[in-house]
Amino acid sequence: MAATLLGKLLRDRAAKWFGAAAELGNPEAARQLGDLFLAEGDLIQAENCYLRAEEQGYAEVARSSGMLHLLCNGHGAAQVWLARAAAAGDGPAAELLAHLGSGPQPLEETRDRFSFSEVYPLDNAHYGVVQEEQGELAEARKYYEKGYEVGDAYAAYRLAALLEKQGNGEEAKLWYRKAADMRHPVALAVAKRPGTPDTVKE
């Protein structure tokens, strides 16, 4: 009983301090506070916290945002977020993504969710994913490039993977290197393959 009461006290204190830090613009605190709200079933407050983190381009919010969308029955958006997290080496996100399956996702309904990249910089890459899944590869490339320009390593990684699928190996290598230079974990591994350039040609 005492341990439970202490746990509740510490949780409340954590929420207080995460809230204070989030108000000061700390995206990690916003995500942590969102996770507390999510655990309590307060989806609106959780979303507000995650959106704060997304506004600052905080990619580590990916699994949390994916889980929120799953709870709200937004499977298409959840898949996009969880794919980002899994590509960054997030094991629980990869497991969740596997449970979603590889069947058709309602990607059309996610278009509006990811159309605010002026406010949420990570959504450039997410909108690119939606475009890629719908076969709009030129549009996908455009949004991946926009994502890279605002500092999103995942956008560079997605463009590299797209170029590789299209058979454009040389340009794919350059984009893998760009993503690796931004410390994207999968791109770092790919960039070590023989024939990948050591420096990026701008």
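Biologist: What makes K16 count as a charge over the ring of W17?

Modeller: The charged end of K16 is 5.7 Å from the ring centre of W17. A charge sits over a ring if NZ of Lys or CZ of Arg is within 6 Å of the ring centre and within 35 degrees of the ring normal. K178 also lies over a ring face, that of W175, at 4.0 Å from the centre.

Biologist: What do these values rest on?

Modeller: This is a predicted model, where local features need pLDDT of at least 70, side-chain atom pairs count only at pLDDT 80 or more, and totals for chains, interfaces and linings use all residues. Residues are numbered from 1 along each chain as its sequence is written, and side-chain values use heavy atoms, without hydrogens and water.

Biologist: Why is C49 called buried?

Modeller: Because its relative accessibility is 5%. Buried means under 20% relative accessible area, exposed over 50%, partly exposed in between (1.4 Å probe, protein chains only). C72, at 46%, is therefore partly exposed.

Biologist: Which residues have the most contacts inside the largest nonpolar core?

Modeller: F114, Y157 and Y176, in a core of 40 residues. Such a core joins buried Ala, Val, Leu, Ile, Met, Phe, Trp, Tyr and Cys residues through side-chain atoms within 4.5 Å.
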